[in-house]
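Here are some friendly notes to read alongside the structure. Take them one by one, with the view open beside you.

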Amino acid sequence: MKQIIYTAVCLLTILTSCQKSWNSHYGEEEATVSSLNLLDYLKSQPQYSSFVAKLEEYGLAEELSRDQNLTIWAVSNEKMAALNSLGEDSKFILRYHINSLTYDNTKLKSGLRVMTFNGKYLTIDKEGTMVRVGDATVVKGNQLCKNGVVHEIDQLLSPDWSIYEYLEGLGHDYSIIRDTILAMNDTIFDLENSIPIGVDPTGNTVYDSVYVITNPVFEKANIRSEFANVTMFLPSNAVIEDCFENLGVLYDQFGKEFLETDSLKAYTWIKEAIFYNRLVEDVTEGDITSAFGRLWKPSVQLVDSDFKRMSNGRIYEVTHLKIPNNIHIDMIKQLFHYWEFVPDAEKEALFTLNNVTGIRPHDETTVTFPTIGVELTYRTLRIEGGLIEGQPISIEFTPIMLERHPDGSTGYKVVEVPPGEYNLYMGFHASNHPFVNIYVDNKPVAQKLNVEPATPWNYDRNTNVVPGTRYNGWGGLVAPVMIEGDEVRSFKIKVEFAGLGKGKVESIIPYHWTLVPTENNY
């Protein structure tokens, strides 16, 4: 009797465990359970006869009867009528409806990517009980069979392109970014996957050769791989051209010619800022860093939040693009002696002098840089005053630059710069120069600054000079400054006598000023 009771308890435990295992695996979802394999089950359902016929026509039906677990995305006879109008190879389309492993309803989660028989991924989206696969919706799911599951969907699946395939197929409106990326392609011989098929008369191995496409972009964000999950921000020609037009206007405002090197620098930033080695979910909030380490600020760079789904990620359309200031602006620099090109009647509007007894341009030193074929004379603006207690001399000015008039004469215009954080550098005729106070837009940025040491204050002969010379550098670092505002604008710099060092007279002899964007200046 004890043996019978023990056997009964064991049997009950096994049955209970099986039931729990079944319920745990399939959940509470309704399911059609069949002991047939997938092929026989589909054949038993008249509404799938056209689907089965096409599987048989293209040699795919036998896959459904083999000893392997599959998921089938089936469509009714009515929906199969669209097969020939999809513009794709029919066998390729059908293979898109089969993937390895069994994905019943309990396993179908939003964001899941399942690999199909044609090597492409399908993306699952689930809201409540509604399941979407690609662009289709499951209308009768969880038809469980001996070797897998059938989910009926409301339309044939059209294979998603990879980001690379989409890029290749872009039309003329996107030719700039398309050609920029594809121009980096290189086709190389793939020895590992090439099969030796013989030996030539000279004894060299002959291969059934396989070639692969390489591209530096693939190393950071493999837009060609189906195994990747990548985001691309896609700018049209119109967006890029507008970006470059704005750059040209900006350069003109602070007196720099827009050169080919500037263009190349901008293109490099664009192609390195638009690829992300992950799915970017929010393109409107929070700074993000690209696969190449480039900073993307959604508050500046504007993107359409509706994305195009790709087999290996997604693409967002860029609606406004700006090259960050700290990328394309090396320095904004002008000279103090340009004061002399302002007509006397206009000087008062641009220059405010306090307790100044004399002001004049002065040629200081002539130097030659033979390695770059440059000879120049450092021309300063000498400003003098009397040593009166509590009444230091100063000059406050709106920075200007020179411009050539149509008649060949030299004129000036006001310098305008984009807002943001800069490092302010300056240079003086440093020998025996008094201490100075520096203000920007009426805010003190440096007090009792000792600019007498030749390094780094003598003219522009120090800090980031032309390699191999002491030419055209930044000068000495005064301090970081903030140009406030939302638009490109002019600003003011004030230089004030702050006491004698080694010198004996109250004078200021400035040569130049330079603004260099900091990393925070976007």
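1. Strand 26 (residues 420-428) is mostly covered, with 8 of its 9 residues buried; buried means under 20% relative accessible area, exposed means over 50%, and partly exposed lies in between (1.4 Å probe, protein chains only). Helices (H or I, at least four residues) and strands (E, at least two) are DSSP runs, numbered from the N terminus.

2. A word on the source: this is a predicted model, in which local features need pLDDT of at least 70 and side-chain atom pairs count only at pLDDT 80 or more, while totals for chains, interfaces and linings use all residues. Residues are numbered from 1 along each chain as its sequence is written, and side-chain values use heavy atoms, with hydrogens and water left out.

3. Which strands pair with strand 26? Strand 26 joins strand 29 through 7 bridges, running antiparallel, and strand 26 also pairs with strand 32 in the antiparallel sense over 7 bridges. Two strands count as paired if DSSP finds at least two bridges between them. On the strand 29 side, Asn 423 stands opposite Pro 480; in strand 32, the bridge partner of Met 426 is Trp 513.

4. Axes here are lines fitted to C-alpha atoms, for helices over the stretch in contact, and angles run from 0 to 180 degrees between N-to-C directions.

5. A second open sheet has 4 strands in the order 14-13-18-17, with mixed pairing. Strand 14 and strand 17 (302-310) stand at its edges with a single partner strand each, so one side of each has no neighbour in the sheet. Strand 13 and strand 14 run antiparallel and are joined by 2 bridges; Met 232 stands opposite Phe 275 in strand 14. Helix 9 packs on this sheet, touching strand 13 and strand 18 (313-320), and its direction makes about 45° with that of strand 18. Contact means heavy atoms within 4.5 Å.

6. How do helix 9 (residues 237-254) and helix 10 (residues 260-273) meet? Their axes come within 12 Å and cross at roughly 135°. The two helices are therefore oblique to each other, because angles under 35 degrees count as roughly parallel, over 145 as roughly antiparallel, 65 to 115 as roughly perpendicular and the rest as oblique. The contact is made by Ile 240, Phe 244, Leu 247 and Tyr 251 of helix 9, together with Asp 262, Ser 263, Ala 266, Tyr 267 and Ile 270 of helix 10. By class, this contact has 7 nonpolar, 1 polar and 1 charged residues. In this scheme Ala, Val, Leu, Ile, Met, Phe, Trp, Tyr, Cys and Pro count as nonpolar, Asp, Glu, Lys and Arg as charged, and the others, Gly among them, as polar.

7. In helix 7 (residues 175-182), Ser 175, Ile 176, Ile 177, Arg 178 and Ile 181 are buried. The buried residues of helix 7 pack against several elements, including helix 6 (163-168), helix 8 (216-220), strand 13 (230-235) and helix 9.

8. Some backbone details are worth a check. A cis peptide bond joins Thr 455 and Pro 456, with omega about 15°, and Pro 456 is found in helix 13 (residues 454-457). Asn 355 has a positive phi of about 55° although it is not a glycine; Asn 355 lies in the loop between strand 20 (351-354) and strand 21 (358-369). Its relative accessibility is 38%, so Asn 355 counts as partly exposed.

9. Finally, where is Gln 68? Gln 68 sits in the loop between helix 3 (49-57) and strand 2 (70-74), and is partly exposed, with a relative accessible area of 23%. Gln 68 and Lys 146 are 78 residues apart in sequence and 9.7 Å apart in space, C-alpha to C-alpha. Leaving aside neighbours within four places in sequence, Gln 68 is in contact with Glu 63 and Asn 147.
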